[in-house]
Amino acid sequence: MIYGYARVSTNGQSLERQLSQLRLYVQEDRFIITDTQTGKTFERKGYNSLVGTETTAPLLHEGDLLIVTSLDRFGRSYTEIQQQWKHITQTLKADIKVLDMPLLDTRTENNLDGKLVSDLVLQILSYVSEKERISIKERQKAGIDVMPLDNEGRKISIRTGRPTGRPRTPYPDNWHDVYIEWKSGKITATKAMQMLNLKKTVFYKLAKIYEKTKCL
């Protein structure tokens, strides 16, 4: 049997382009399984019908072929894609074909070679994807670190000039006077918290922000 799998993330997106491509390979629409759900997880009704669950048998059997138009329709996490790829090709003993990546096709005259090439390509894609994910996070962190602070301690976007994130806890009216007494050693931190009616975590958070944004 040949099955197709198509996925979009939201109801506002159309499956039609994927369906038209899959119909070139799959004889009937009833053999094209679809999901309207994020690709961040494989817990999807349609997909689970293909590979099975703890309580349901899979549609895919040994020798069957599963076709997707592109790898991102299969899923977004390359780590999980590798796990699912292994489950389909090794546990269920079915084949997979990705239309926009000809090397990701486990079928060849020598099936072992096809699976080996596909596995290697998938591992390379996983590595590149993970490196890019880490790089994006590092760039985002670097950008956040250089953002200036407003007088409430919120980061200000360099691009828009607007504060980011939720507003900070407001300072009590007597904050400055109590803060000066505490910093000068006239009162303890515990006493300052009592005078300000603040919890320990909030007190120290406000103090840290205050020291960054005020010139005393």
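Predicted model: local features only at pLDDT ≥ 70, side-chain atom pairs only at ≥ 80, totals over all residues.

Colleague: Why is threonine 89 called buried?

Modeller: Threonine 89 has a relative accessible area of 7%. Buried means under 20%, so threonine 89 qualifies.

Colleague: Where is threonine 89 found, and what does its side chain reach?

Modeller: Threonine 89 is found in helix H4. Its side chain reaches the backbone oxygen of tryptophan 85 at 2.8 Å. Leaving out residues up to four places away in sequence, threonine 89 touches Ala94, Ile96, Thr106 and Lys115.

Colleague: Which residues of H4 are buried, and how do you know that they line one face?

Modeller: The buried residues of H4 are Ile81, Gln84, Trp85, Ile88 and Thr89. Seen down the axis of H4, they fall within an arc of 120°, so they line one face of the helix. Gln83 and Thr91, on the other side of H4, are exposed.

Colleague: How does the reach of helix H4 compare with what is expected?

Modeller: Helix H4 covers residues 78-91, 14 residues in total, and reaches 19 Å from its first C-alpha to its last.

Colleague: What makes arginine 23 and glutamate 16 a salt bridge?

Modeller: The closest N and O atoms of arginine 23 and glutamate 16 are 3.0 Å apart. The cut-off is within 4 Å, so the pair counts as a salt bridge.

Colleague: Why is arginine 30 called exposed, while glutamate 28 is called partly exposed?

Modeller: Arginine 30 has 60%, so arginine 30 is exposed. Glutamate 28 has 36%, so glutamate 28 is partly exposed. The side chains of arginine 30 and glutamate 28 meet in a salt bridge at 2.6 Å, N to O.

Colleague: How do you know that aspartate 64 has no salt bridge?

Modeller: The nearest side chain of opposite charge to aspartate 64 is arginine 107, 11 Å away. A salt bridge needs the atoms within 4 Å, so aspartate 64 has none, although it is buried.

Colleague: What does the side chain of aspartate 64 reach instead, and where is this residue found?

Modeller: The side chain of aspartate 64 reaches the backbone nitrogen of histidine 61 at 2.7 Å. Aspartate 64 is found in the loop between helix H2 and strand S3.

Conventions
Residues numbered from 1 in each chain as written. Heavy atoms only, no water. Helix = DSSP H or I, 4+ residues; strand = E, 2+ residues; numbered from the N terminus. Buried < 20%, exposed > 50% of the residue type's maximum accessible area, 1.4 Å probe, protein only. Lys, Arg positive; Asp, Glu negative; His and termini not counted. Polar contact = N/O pair within 3.5 Å; in protein donor to acceptor, adjacent residues only side chain to side chain. Expected span 1.5 Å × (residues − 1). Arc of directions from axis to C-beta. Contact = heavy atoms within 4.5 Å.
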